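Trainee: Before we go through this model together, could you show me how to read its features one at a time, beginning with the packing of helices?

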Amino acid sequence: MALILYELAAADPAVRFSPHCWKTRMALAHKGLNAERQPWCFTETEMIAFSGQAKVPVLVDGDEVVHDSWRIAEYLERQYPDKPALFTEKPPMPLAGFVNAWADKVLVPAIARIIMVDVHACLRPVDQAYFRASREQMYGKQLEAVVSDRDSHIRNLGKALTPLRHILQSRDFLDGAAPAYADYCVFGMFMWARCVSAIPLLEPDDPVHAWRERLLDLHDGLARSAPVATAVIAAVVTD
Ligand SMILES: N[C@@H](CCC(=O)N[C@@H](CS)C(=O)NCC(=O)O)C(=O)O
């Protein structure tokens, strides 16, 4: 039975920019599984109501409906044990779980403070209104004020990446010699930014930059070839 993955989409439905959906994209590719990729926009809550909640990614595998990127990774590992392993430790995968929590709780807010306005710019007007209202309520200020002082937010992200940078000085991937789900947990954050924003987050001589390049090339360049918002292309062309 075909797998279906509901993914967050921009106004251009080819642009799929969610950090959590990217974790799942990379996990599926790692397992060699193909999924039909269904675009979903912020205000299309009805479309995924069958999953009993209002966020993506949602994976449908026959009769199984799984939401939350971490639960999807656990499901894929359980359901497809003969495919390449996503985890090098046994359930409940405490270290990969720690990396996932670090990415979600430290990197998401750090990167959001840099790209929030770029995310808004790539959405359909109806989703822009929802995104602005919900995020401005969350931050208690305008989106433009959240991202002001960009240089200091980029410096803060650089500091937050210190443990990753340290680890990558002595190995190619976070999980060791080969990539695994822990790598995808962090890489999803960078794909979020890459798809919607032209703001450089990393210096070219940063070991994290070289690791990100390796991840971009994985699985036949799946991530490198992913469509990005037109504003990103325009910025790169005029750079
Ligand atoms: N812990 C969840 C987080 C999922 C999540 O926050 N998804 C975002 C897209 S990146 C979403 O669907 N947001 C809907 C909204 O903000 O209304 C996971 O890892 O899948």
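Mentor: Keep in mind that this is a predicted model. Helix α3 (residues 94-121) and helix α4 (residues 125-139) pack with their axes 9 Å apart, at an angle of about 155°.

Trainee: How is that angle to be read, and what are α3 and α4 to each other, roughly parallel or roughly antiparallel?

Mentor: Angles over 145 degrees count as roughly antiparallel, and α3 and α4 are therefore roughly antiparallel to each other. On the side of α3 the contact involves Met116, Val119 and His120, which meet Gln128, Phe131, Arg132 and Arg135 in α4.

Trainee: Which angle do α1 and helix α8 make where they pack?

Mentor: α1 and α8 (residues 181-196) pack at about 135°, and their axes are 7 Å apart. The crossing of α1 past α8 is right-handed. Among the residues that meet there are Pro19, His20 and Trp22 in α1, and Tyr181, Tyr184 and Trp192 in α8. The contact of α1 with α8 is made up of 11 nonpolar, 2 polar and 1 charged residues.

Trainee: At what angle do the axes of α1 and α2 cross?

Mentor: They cross at roughly 10° and come within 9 Å, which makes α1 roughly parallel to α2. From α1 the contact uses His20, Lys23, Thr24, Ala27 and Lys31, while α2 contributes Ser69, Ile72, Ala73 and Leu76. Here the division is 4 nonpolar, 3 polar and 2 charged.

Trainee: Turning to the sheet, how do its strands pair, and in what order do they come?

Mentor: In general, strands of a sheet pair through backbone hydrogen bonds, either parallel or antiparallel. In this model 4 strands form an open sheet in the order β2-β1-β3-β4, with mixed pairing. β2 (35-40) and β4 (64-67) are the edge strands, each pairing on one side only, and neighbouring strands are turned against each other by 20° on average, direction ignored. Strand β3 (residues 58-61) runs antiparallel to β4 and is joined to it by 4 bridges, with Asp61 standing opposite Glu64 in β4.

Trainee: Which strands do α1 and α2 lie across?

Mentor: α1 lies across β1 (3-8), β2 and β3, running at about 150° to β1, whereas α2 lies across β3 and β4 and runs at about 140° to β4.

Trainee: What should I look for in the backbone geometry?

Mentor: Most residues other than glycine have a negative phi, and most peptide bonds are trans. Against that background, a cis peptide bond joins Val56 and Pro57, with omega about 10°, and Pro57 is found in the loop between β2 and β3. The bond from Pro91 to Pro92 is also cis, with omega near 10°, and Pro92 is placed in the loop between α2 and α3. Asp68, in the loop between β4 and α2, has a positive phi of about 85° although it is not a glycine.

Trainee: Which residues surround the ligand?

Mentor: The surrounding residues include Val56, Pro57 and Asp68, together with Ser18, Pro19, His20, Ser69 and Trp70. α1 (19-31) and α2 (69-79) each supply at least two residues of this shell, whose residues divide into 7 nonpolar, 3 polar and 2 charged.

Note on methods. Residues numbered from 1 in each chain as written. Predicted model: local features only at pLDDT ≥ 70, side-chain atom pairs only at ≥ 80, totals over all residues. Near = placed C-beta within 6 Å. Nonpolar A, V, L, I, M, F, W, Y, C, P; charged D, E, K, R; others polar. Pairing = 2+ DSSP bridges. Axes fitted to C-alpha atoms, helices over the stretch in contact; angles between N-to-C directions. Contact = placed C-beta atoms within 7 Å. Left-handed = near helix turned anticlockwise from the far one by under 90°. Parallel < 35°, antiparallel > 145°, perpendicular 65-115°, else oblique.
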